[in-house]
Amino acid sequence: MEKEQLIAEIERLKEERNAIIMAHNYQLPEVQDIADFLGDSLELARKAVKVDADVIVFAGVDFMAETAKILNPEKTVLLPTRRATCAMANMLKVEHILKAKEQYPDAPVVLYVNSSAETKAYADVTVTSANAAKIVAKLDSDVVIFGPDRNLGSYVARVTGKKVIPVPPDGHCYVHRKFTVQDVERARKLYPNARLMVHPECEPEVQEMADIIVSTGGMIRHAPEWNEWVVFTEREMVYRLQRLYPEIKFHPAREDAVCVGMKAITLSHIYESLRDMKYRVEVPEVIAQKARKAIEKMLEMS
């Protein structure tokens, strides 16, 4: 099917099913273009609560679709392909949390939303890269158990002055781990007028050399402050920023900064997902109930 025909069919099926397409900032340009709502994890979680539709097609990775289902138990949530998964979220297991709780029984469990529903059920509160430091600062404890991203955890520790116990010890995003000090030095030489916006999942030494450390939502908010940026996160964020601010220059820090899970979703997958109502995201109620409390606490605190 031709691209124009695919888009027309998606629009027809959306109307027929009373469906909405939610997409993350790292999705392919063609997917971003047909989304009803685009955003980072926090924006998508907030939007999921307010969606007036029977069906949510989630163009993101599996943990995001699970979060949408947890917040909308009565709605049908579809993940267009089962290959859309997050390697970092899969690194955190329930046993990592239980082991840390044995050592630090009074420490609250703070989980990045980039985690499975099963592990979220053990969290006191979830966070995103946009609100992690703010929420941890508000918690009445000097020690927190934090997972799965170690770099975001070290950023939170630096900003709040609290002791962060990482679970697992080396949880990371393989895309953000690609960025090096050499990439920063190269960017400064290639684009001497540009400022550097760096995601807090990047290595601490890369963060230290940045002009600003922000989530993807923060990148969108801060972009108008300058006329040229080098973007240290998943490559497709540059497409999103360029569409929003055509008068500003944006450069990807690395062309190979690609999330395979995010890029697994194509227009064809979205069409087939709406046509066949697949793949339905289900979260067992006992897990959903506990995880919902942690997610709702995050929305309340941020």
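Q: Buried means under 20% relative accessible area, exposed over 50%, and partly exposed in between (1.4 Å probe, protein chains only). By that rule, is C173 buried, partly exposed or exposed?
A: This is a predicted model: local features need pLDDT of at least 70, side-chain atom pairs count only at pLDDT 80 or more, and totals for chains, interfaces and linings use all residues. Residues are numbered from 1 along each chain as its sequence is written, and side-chain values use heavy atoms, leaving out hydrogens and water. The relative accessibility of C173 is 14%. Because of that value, C173 counts as buried.

Q: How are helices α1 and α15 oriented to each other?
A: Helices (H or I, at least four residues) and strands (E, at least two) are DSSP runs, numbered from the N terminus. Axes are lines fitted to C-alpha atoms, for helices over the stretch in contact, and angles run from 0 to 180 degrees between N-to-C directions. The axes of α1 (residues 3-17) and α15 (residues 267-276) come within 9 Å and cross at roughly 30°. Angles under 35 degrees count as roughly parallel, over 145 as roughly antiparallel, 65 to 115 as roughly perpendicular and the rest as oblique, and α1 and α15 are therefore roughly parallel.

Q: How many charged residues are in the contact of α1 with α15?
A: Contact means heavy atoms within 4.5 Å. Among the residues making it are K3, E9 and R17 of α1 and Y271 and R275 of α15. Ala, Val, Leu, Ile, Met, Phe, Trp, Tyr, Cys and Pro count as nonpolar, Asp, Glu, Lys and Arg as charged, and the others, Gly among them, as polar. The contact has eight nonpolar residues, one polar, and of the charged kind, five.

Q: Is the crossing of α3 and α4 left-handed or right-handed?
A: The axes of α3 (residues 41-50) and α4 (residues 62-71) come within 9 Å and cross at roughly 30°. That makes α3 roughly parallel to α4. A crossing is left-handed if the near helix is turned anticlockwise from the far one by less than a right angle, and right-handed if clockwise. The crossing of α3 and α4 is right-handed.

Q: Which residues of α4 make the contact with α3?
A: The contact has six nonpolar, two polar and no charged residues. From α3 come S41, A45, A48 and V49. From α4 come M64, T67, A68 and L71.

Q: What is omega at the cis peptide bond from G147 to P148?
A: Most residues other than glycine have a negative phi, and most peptide bonds are trans. P148 lies in the loop between β7 (143-147) and α9 (150-160). The bond from G147 to P148 is cis, with omega near -5°.

Q: Where is M277, a residue with positive phi?
A: M277 is not a glycine, but its phi is about 55°. M277 is buried, with a relative accessible area of 15%. M277 is found in the loop between α15 and α16.
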